[in-house]
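User: Could you please take me through this structure step by step? I am new to the subject and would like plain explanations.

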Amino acid sequence: MQTIGLVGGMSWHSTATYYRLINEEVATRLGGHASARISLQSLDFAEVRDCQVRGDWAGSAALLADAARRCEAGGADLVGLCTNLMHKNFPAMESAVSVPAIHIADAVAAVARQEGWTTLGLLGTRWVMEETFYADRLATHGIAVVVPEEDERAMVDRVVFDELTQGVLRDESRAAYVEVMAGLRARGADAVVLACTEIGLLVSPEQAPLPVVDSAVAHASLLVDLALEPQPTPA
């Protein structure tokens with residue numbers, strides 16, 4: 001088993017989900033007392049959020065790169081970033097380590113392609129929905145996206161930062177998200193990607209009006225796949 005590096009804390013609520021999912025998957029596959037080898041760096045989200053608000057993406061990139069290096073120093077054989085939005089800084093993190101860095105959108109695309117979905121509704125923070133860094137990565141896999149209307153994007157983003165990343169789960173926000181998802185289905189989405197790792201804490205697949213790709217679940221599963229792959233025998 002290889003050691004999985006996790007750069008988390010953005011927020012810790014979804015990082016806890018990653019830790020649980022990865023260990024549950026390893027236990028299911030290997031049985032007995034098996035659990036995952038994990039090297040975790042959990043950042044202070046207040047620092048990262050301050051960078052986001054100020055538009056200091058170079059500053060947040062430095063935080064992520066340093067955390068990834070610490071994961072590798074702690075024995076990580078591969079590294080995952082436990083957030084969708086901060087994949088805006090993925091190139092900086094990837095270049096900071098000598099081990100593979102696993103992009104969350106690649107995991108989402110793998111699920112979509114397996115299911116035969118070619119158009120995903122994109123639900124996440126405003127940066128994820130409105131900029132191209134996430135949609136462009138999906139496009140490399142032949143996956144197109146549709147996004148909510150402008151007022152809906154504002155609401156989705158507000159709920160993420162005012163509620164979900166602070167551990168607040170409200171029924172009215174769940175109902176509003178489900179309504180947005182229904183709109184994405186009407187606009188041609190085959191499924192919706194929960195492109196914020198906390199959204200799965202608010203809306204379950206059973207509550208959604210169309211199929212769901214939970215980015216946290218997809219990413220955690222891919223990390224386990226790679227960690228448990230047979231390794232080549234050294235020459």
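**Overall picture**

Analyst: The protein chain has 11 helices and 8 strands; helices (H or I, at least four residues) and strands (E, at least two) are DSSP runs, numbered from the N terminus. The radius of gyration of the chain is 17 Å, close to the 18 Å that the globule rule gives for 235 residues, so the chain is as compact as a globular protein of that length. This radius is taken over C-alpha atoms, and the globule rule is 2.2 Å times the number of residues to the power 0.38. This is a predicted model, in which local features need pLDDT of at least 70 and side-chain atom pairs count only at pLDDT 80 or more, while totals for chains, interfaces and linings use all residues. Residues are numbered from 1 along each chain as its sequence is written, and side-chain values use heavy atoms, with hydrogens and water left out.

User: What share of the 235 residues counts as buried?

Analyst: The share is 51%. Buried means under 20% relative accessible area, exposed means over 50%, and partly exposed lies in between (1.4 Å probe, protein chains only).

User: Which strands form the sheet that contains β1?

Analyst: That open sheet has 4 strands in the order β2-β1-β3-β4, with parallel pairing. The strands at its edges are β2 (38-42) and β4 (101-102), each pairing on one side only. Two strands pair if DSSP finds at least two bridges between them.

User: How many bridges join β1 to each partner?

Analyst: Strand β1 (residues 4-8) pairs with β2 over 5 bridges, and 4 bridges join β1 to β3. L6 stands opposite L40 in β2 and also opposite G80 in β3.

User: And is β3 covered or uncovered on its faces?

Analyst: Both faces of β3 are covered: L78 and G80 on one side, and V79 and L81 on the other, are all buried. β3 also pairs with β4 in the parallel sense over 2 bridges, where V79 has A101 as its bridge partner.

User: Now the other sheet, please. What is the order of the strands there?

Analyst: The order is β6-β5-β7-β8, again an open sheet of 4 strands with parallel pairing. β6 (144-146) and β8 (212-214) stand at the edges with a single partner strand each, so one side of each is left without a neighbour in the sheet. Neighbouring strands here are turned by 35° against each other on average, direction ignored. Strand β5 (residues 119-123) pairs with strand β7 (residues 191-194) over 4 bridges, and L123 stands opposite L194 in β7.

User: Where does helix α11 lie?

Analyst: Helix α11 (residues 215-227) lies across β7 and β8, running at about 60° to β8. Axes are lines fitted to C-alpha atoms, for helices over the stretch in contact, and angles run from 0 to 180 degrees between N-to-C directions. At the N-terminal end, D214 caps α11, with a side-chain oxygen 3.1 Å from the backbone nitrogen of A216. Buried residues of α11 include S215, H219 and L223.

User: What about α1: which of its residues are buried?

Analyst: They are H13, S14, T15, T17, Y18, L21, I22, N23 and V26. Their cover includes β1, β2, β3, α5 (104-115), α10 (199-202) and α11. After α1 comes G31, whose phi is positive, near 75°.

User: What does S11 touch?

Analyst: S11 lies in the loop between β1 and α1 (12-30). Leaving aside its neighbours within four places in sequence, S11 is in contact (heavy atoms within 4.5 Å) with F45, T165 and E198. S11 is buried, with a relative accessible area of 1%.

User: Last one: is C51 buried or exposed?

Analyst: C51 counts as buried, at 6% relative accessibility. Its place is in helix α2 (residues 45-54). Not counting residues up to four places away in sequence, C51 touches D56, G59, S60 and L63. The C-alpha atoms of C51 and A61, 10 residues apart along the chain, are separated by 9.4 Å.

Technical notes. A polar contact is a pair of N or O atoms within 3.5 Å; within protein, one must be able to donate a hydrogen and the other to accept it, and residues adjacent in sequence count only if both atoms are side-chain atoms.
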